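Biologist: Here's one I'd like to go through with you. Could you tell me what each label rests on?

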Amino acid sequence: MAAANVPPPEPWLRGAHTNLDAITRAVLHALELAEEDAARWCGGLSDNEMNSRPHGIAPVAFHLRHIARSLDRLLTYADGAQLDAAQIAALKSELDAGGTAESVMAELNTGLHSAATRGRAIAADQFNTPRTVGRAQLPTTVGGLLVHCADHTQRHIGQAITTAKIVIAMRG
């Protein structure tokens, strides 16, 4: 019998997605972990706390929006397309103040689920397909973009958690 208040193992230790190649499986596990960590550490923040900038650092809302929106951009490049006007406008508004905690969390979860669906659709034999990123057309591959979805998401969820902990400590 499991002890109370002991979190389950991280997604990569649950034996999930075993029908997928190792790269896609690892990316999906990273996205799942981000969703769980955001719910645990950021889900209880108020609207003001979600948008708070303690000591001038980026707010939790920025990091969560950035995760969702960057996943969309990265997977657009993986699809071999360039960003459209709506994606560019969304990029430019990530740091904007405002947005309720509920709407930010919903955007994150929608973005993570969409990315998981899109990631599953990429076949392993496409991983070495060349792609370019941004106006500078920087070189990468479909697999490189997919792996970056995981590492970039984990980087920003860590920053969101750290900021959330600071904001919570400031409640006084």
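Modeller: Asp47 lies in helix H2, residues 47-51. A helix here is a DSSP run of H or I with at least four residues, a strand is a run of E with at least two, and both are numbered from the N terminus. Before we go on, this is a predicted model, where local features need pLDDT of at least 70 and side-chain atom pairs count only at pLDDT 80 or more, while totals for chains, interfaces and linings use all residues. Residues are numbered from 1 along each chain as its sequence is written, and side-chain values use heavy atoms, with hydrogens and water left out.

Biologist: Why is Asp47 called partly exposed?

Modeller: Buried means under 20% relative accessible area and exposed means over 50%, with partly exposed in between (1.4 Å probe, protein chains only). Asp47 comes out at 37%, so it's partly exposed.

Biologist: What is Asp47 in contact with, leaving aside its neighbours within four places in sequence?

Modeller: Thr100, Ala101 and Glu102. Contact means heavy atoms within 4.5 Å.

Biologist: What makes Glu107 partly exposed?

Modeller: Its relative accessibility is 26%, so it gets the partly exposed label. Glu107 lies in helix H5, residues 101-120. Leaving out neighbours within four places in sequence, Glu107 is in contact with Arg65, Ala68 and Arg69. From Glu107 to Thr129 it's 22 residues in sequence and 30 Å in space, C-alpha to C-alpha.

Biologist: Thr163 next. Why does Thr163 count as buried?

Modeller: It has a relative accessible area of 4%, so buried it is. You'll find Thr163 in helix H6, residues 142-169. Not counting residues up to four places away in sequence, it touches Pro54, Ile57, Ala58, Pro59 and Val60.

Biologist: On to the helix pair. How do you describe the packing of H3 and H4?

Modeller: Two packed helices are described by the angle between their axes and the distance between the axes. The axes are lines fitted to C-alpha atoms, for helices over the stretch in contact, and angles run from 0 to 180 degrees between N-to-C directions. H3 (residues 60-78) and H4 (residues 85-92) pack at about 145°, with their axes 10 Å apart.

Biologist: What is the crossing of H3 and H4 called?

Modeller: Left-handed. That word applies if the near helix is turned anticlockwise from the far one by less than a right angle; clockwise would be right-handed. Arg69, Asp72, Arg73 and Thr76 of H3 make the contact with Gln87, Ala90 and Leu91 of H4.

Biologist: How many of those residues are nonpolar, polar and charged?

Modeller: Two nonpolar, two polar and three charged. Ala, Val, Leu, Ile, Met, Phe, Trp, Tyr, Cys and Pro count as nonpolar, Asp, Glu, Lys and Arg as charged, and the others, Gly among them, as polar.

Biologist: What makes E1 and E2 a pair?

Modeller: Two strands pair if DSSP finds at least two bridges between them. E1 (residues 130-133) and E2 (residues 138-141) have four, in the antiparallel sense. Arg131 stands opposite Thr140, and Thr132 stands opposite Pro139.

Biologist: Why point out the phi of Gln137?

Modeller: Most residues other than glycine have a negative phi. Gln137, in the loop between E1 and E2, has a positive one near 55°. Gly134, in that hairpin, also has a positive phi, near 75°. His17, not a glycine, has one of about 60°.
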